[in-house]
Structures are given as C-alpha cells and as structure tokens.
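The sequence and the structure are shown first.

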Amino acid sequence: MATIQWFPGHMAKARREITEKLNLVDLVIELRDSRIPYSSKNPMVDEIVGKKPRLIILNKANMADKTETKKWIEALTDENTVCLDIDCISLYNVNKVVQYAKLVLKDKLEANQRKGIAHTTIKAVVLGIPNVGKSTFINTLGKRKATKVGDKPGVTKGQTWIKISDELMLLDTPGILWPKFEDQEIGRKIAICGSIKDEILALDEICLAAIKYIKENYKDLLMKRYSLDDITDLSEDEILKEIGKKRGCVIKGGEIDLERAQTIVLNDVRKCQIGEITFERANQFI
C-alpha cells in the first residue's frame, strides 16, 4: 500500500503557535471522530498540551456504534480528562459541552470561588485533525456562523478567538495531522473517514480496507445496504464487484466500473448510509 502522508506547511506553523498560546487557556478541547477515537487522536497533542486539563469530544456520534462509543468514553476518562460524545448535526449532547468543561476544571473553579471570584469565563483551545468537525462544533456552540466551515479537510488556516457565551471562549486552530503515519493502518482509517484529501490517496486500497473491516464486524449492514446474498466466503474484491453490479456500475463488455463502485462505497461509509460503524474497538487500543 502507498504510504499516506499529508503535512502542509500551515500545520507546522499551527503547532508552534498553539504551543505559544497554551498559557492563555484553561482547557484543551480535543475533538476526535467517534468512528475512529484512537486513529483521530493526533499524538502530537499529548506533547503540546502536557498536563493541561482536557475535554475529549467524540464528534459525529450519530455515525458511530453507540455500544463502542460508550466503551471509549469509559476508557478515555481519567483524573485529568473528561470525555463526551456529541453530534453537531442532530445537536445530540451539544448542550452538555459547557457543563463538562466545568467538570474538568472543577478544582480550579472552586478555588476561584473561595477567593471571591464569582464568575470565570473558561478559555479553551480547540484542537483536532482535519475534517473532524472543529468549525462546525464552534458554530453550533455559538449558534451562529462564527468560523468558516467546509466539507473538505484543510479549511481553517489561522487562529481565531470566538466568544461562545459569558461562560466559554474558544480559540479555533487549523486541523493538525502529524508529519508521518508510522502505522499505516491509522492512515487507512483516517482516509476511510475522509480526513485526508482524496487526491493523494490510492482509493482502491482504502475502499477494500473499508469493505474488509465492515465485512468482519458489520456484515449484516453491508449485505442489507447493497442487497447482497451471503458474503462470508467472498474476498473484498469480489464483494466490490457484487456491489458494482447491484449499483449498475457496468461498462462496455459487461465489465464492472470498479472506480465508480469504490466511490459509491466510500461515499456511503462517510455519509453513514451503510449504518452506524466504529472502526476501532476500545479494548484493542486502551
């Protein structure tokens, strides 16, 4: 498989700027994709934020397997970190973000109250890999279009403070991927979920990886979506061809247009048309 790497210059600059501004914030809000809670964690974030209190937001929760999301929340929560799953489209749990931010900072806020500081505006920096939904998250919290939003990775290129309410102010940052995926499996999962520009990928490999995982873990969903008979003994290539037939991806001579079939499958995965799927199990990573 081709090595997956994507590290535009603005990401390196963003890392330096975030490091410089950490002393201005009380809290780090780290957005991850609920479908890939491990792979959508940028390992550089741990280096950058250190022991700063952290609220991990598992975004796009309505696209993920709820049973697995619950396990991830339990696994990611510790004395310095609180985890919350949300969905910015349906607004699921969005109204709990400020409550959970206060929970992470409980000790500090109580100390302020003892000092006679009745009200504190929490300042938080929002971090996450591209296309994990940072701008949509900020706009949803602020109930307005406060930042530029796009459906392709790499939209946010600068840093902006946004006042969400009297209780919360956010610092938006560009999505940061790490310079090299040491584990190509992580690169594949991020690619499957659409967090890397398709133009730099071998989509056939990404599509077959998606089919393989879904076949092994959500076979019934795959069969139902594409009206397939039993696929237990079929290879990923054979499944893709069957999907192509079902979706009318037939070209001259009766051959299957595999590229078109690949696009259909990946679009269905990314738009949750196959079903609620989590591509990583908490007990395998934590």
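**Overall fold**

The model is predicted. The protein contains 12 helices and 6 strands. Of its 286 residues, 49% count as buried. Among contacts between residues at least 6 apart in sequence, 69% join residues at least 24 apart.

**Nonpolar cores**

The largest nonpolar core comprises 59 residues. Leu27, Ile29, Leu55, Ile57, Phe137, Leu170 and Phe279 are the residues with the most contacts inside this core. Helix α8 (residues 203–217) supplies the largest share of the core, namely 6 residues.

**The contact of α10 with α11**

Helix α10 (residues 236–246) and helix α11 (residues 258–270) have axes that come within 9 Å and cross at roughly 90 degrees. Angles of 65 to 115 degrees count as roughly perpendicular, and α10 and α11 are therefore roughly perpendicular to each other. On the α10 side, the contact is made by Leu240, Lys241, Ile243 and Gly244. On the α11 side, Leu258, Ala261, Gln262 and Val265 take part. By class, this contact has 5 nonpolar, 2 polar and 1 charged residues.

**Aromatic pairs**

A search of the whole structure finds 4 aromatic pairs.

| Aromatic pair | Centre to centre | Angle between the planes | Class |
|---|---|---|---|
| Tyrosine 213 and tyrosine 218 | 6.5 Å | 45 degrees | tilted |
| Tyrosine 213 and phenylalanine 279 | 5.2 Å | 40 degrees | tilted |

Both tyrosine 213 and tyrosine 218 are buried. The pair of tyrosine 213 and phenylalanine 279 links distant parts of the chain, with the two residues 66 residues apart. Tyrosine 213 belongs to helix α8, whereas phenylalanine 279 lies in the loop between α11 and α12 (282–285).

Why do tyrosine 213 and phenylalanine 279 count as buried? Buried means under 20% relative accessible area. Tyrosine 213 has a relative accessible area of 16% and is therefore buried. Phenylalanine 279, at 3% relative accessibility, likewise counts as buried.

Elsewhere, ring pairs link Tyr38, Trp72 and Phe285 into a cluster.

**Residues with positive phi**

Asparagine 93 is not a glycine, yet has a positive phi of about 65 degrees. This asparagine is found in the loop between β3 (81–85) and α4 (97–104). Is asparagine 93 buried or exposed? With a relative accessible area of 11%, asparagine 93 is buried.

Serine 227, a residue other than glycine, also has a positive phi, near 50 degrees. Serine 227 is located in the loop between α9 (219–225) and α10. Its relative accessible area of 49% makes serine 227 partly exposed. The cut-off for exposed is over 50%, so serine 227 at 49% remains in the partly exposed class.

Terms used. Residues numbered from 1 in each chain as written. Predicted model: local features only at pLDDT ≥ 70, side-chain atom pairs only at ≥ 80, totals over all residues. Heavy atoms only, no water. Core = buried A, V, L, I, M, F, W, Y, C linked by side-chain atoms within 4.5 Å. Buried < 20%, exposed > 50% of the residue type's maximum accessible area, 1.4 Å probe, protein only. Helix = DSSP H or I, 4+ residues; strand = E, 2+ residues; numbered from the N terminus. Axes fitted to C-alpha atoms, helices over the stretch in contact; angles between N-to-C directions. Parallel < 35°, antiparallel > 145°, perpendicular 65-115°, else oblique. Contact = heavy atoms within 4.5 Å. Nonpolar A, V, L, I, M, F, W, Y, C, P; charged D, E, K, R; others polar. Phe/Tyr/Trp six-rings, centres within 6.5 Å; stacked < 30°, edge-to-face > 60°.
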